[in-house]
Amino acid sequence: MAKAGHAWSRAAKEQEDEEGEDPVDAMIARTGCLEQHRQLQECMAERQDWRHCQAEVRAFGACMARRQQREH
């Protein structure tokens, strides 16, 4: 089962707030791409179909790619 915050529902996000920070969110926060990730999550929660969230997918992917380039 998906961890809270990655189940694509607002109820899961509320549950995450009660349980503490999601380890995946903590890891992504260290990349500097947390805002793009949260926007993608929000789109997925609203649209329920990643195909309708391509702008958010691209923005998150670009942010992660920039981070990888900085590491090399």
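Is Cys63 buried or exposed? At 7% relative accessibility, Cys63 counts as buried, where buried means under 20% relative accessible area, exposed over 50% and partly exposed in between (1.4 Å probe, protein chains only).

The model is predicted: local features need pLDDT of at least 70, side-chain atom pairs count only at pLDDT 80 or more, and totals for chains, interfaces and linings use all residues. Residues are numbered from 1 along each chain as its sequence is written, and side-chain values use heavy atoms, with hydrogens and water left out.

A disulfide is a covalent bond between the sulfur atoms of two cysteines; here the term is applied to a pair of cysteine sulfur atoms within 2.5 Å.

Cys63 is bonded to Cys33, with an S to S distance of 2.0 Å. This pair links distant parts of the chain, 30 residues apart: Cys33 lies in the loop between helix H2 (23-31) and helix H3 (34-47), and Cys63 in helix H4 (residues 54-71). Helices (H or I, at least four residues) are DSSP runs numbered from the N terminus. Cys33 is buried, at a relative accessible area of 0%.

The sulfur atoms of Cys43 and Cys53 are 2.0 Å apart in a disulfide. Because Cys43 is in helix H3 and Cys53 in the loop between H3 and H4, the pair ties together parts that are 10 residues apart in sequence. Cys43 is buried at 8% relative accessible area, and Cys53 is also buried, at 0% relative accessibility.

| Disulfide | Angle about the S-S bond | Handedness |
|---|---|---|
| Cys33 and Cys63 | -90 degrees | left-handed |
| Cys43 and Cys53 | -95 degrees | left-handed |

Terms used: Helix = DSSP H or I, 4+ residues; strand = E, 2+ residues; numbered from the N terminus.
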